[in-house]
Amino acid sequence: MDFRLLGKSDFKPPQKPEDAVLEIFPNQYKERSYLIKFDCQDFTSHCPVTGQPDFAKISIQYVPNESCIETKSLKYYLHSFRNTAAFNEKVINTILNDLVEACQPRWMQVKGEFAARGGIALTTIAEHPDFDWEKHFKHK
């Protein structure tokens, strides 16, 4: 495997998500379903209205198909949001879209638990393939 980031100490983190490189490697256990989970405790983006930083814990879980996400490239990708002004919901859905495009998992969930502002904390959860929220939360 020829990684562009892993083992390279001179690489500079990307300044925006569009410039990030998400590297993958072959899943050696594609005959079975298993869960991979990443937790990023110190995620930061910016509010598009106030410019203030938004701090979050990002959790990514997925069941790989043919490919797995290389961890160092994911770290740089998440770092690229530090200069990104976007609403929290957009951030989480962008991460999901980009990761699904990179590795085409069987299933993936991205959860962002954003720190409270004005007394209100926000959590956004996005899944692939789409979860039937309406059916799940239908009142009986």
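Mentor: A residue is called buried under 20% relative accessible area, exposed over 50%, and partly exposed in between, with a 1.4 Å probe and protein chains only. Helices (H or I, at least four residues) and strands (E, at least two) are DSSP runs numbered from the N terminus. The model is predicted, so local features need pLDDT of at least 70 and side-chain atom pairs count only at pLDDT 80 or more, while totals for chains, interfaces and linings use all residues. Residues are numbered from 1 along each chain as its sequence is written, and side-chain values use heavy atoms, with hydrogens and water left out.

The part to examine is strand β3, which spans residues 53-63 and has eight of its eleven residues buried. Two strands pair if DSSP finds at least two bridges between them. With β2 (residues 36-46), β3 forms an antiparallel pairing over nine bridges; here Ile 58 of β3 is the bridge partner of Cys 40. These two strands make a hairpin with six residues between them, and Gly 51 in that turn has a positive phi of about 80°.

β3 also pairs with β5, again in the antiparallel sense, over eight bridges. In this pairing Ser 59 has Lys 111 of β5 as its bridge partner. The loop between α2 (88-103) and β5 (107-117) holds Gln 104, a non-glycine residue with a positive phi of about 45°. Gln 104 is partly exposed, because its relative accessibility is 47%. Most residues other than glycine have a negative phi.
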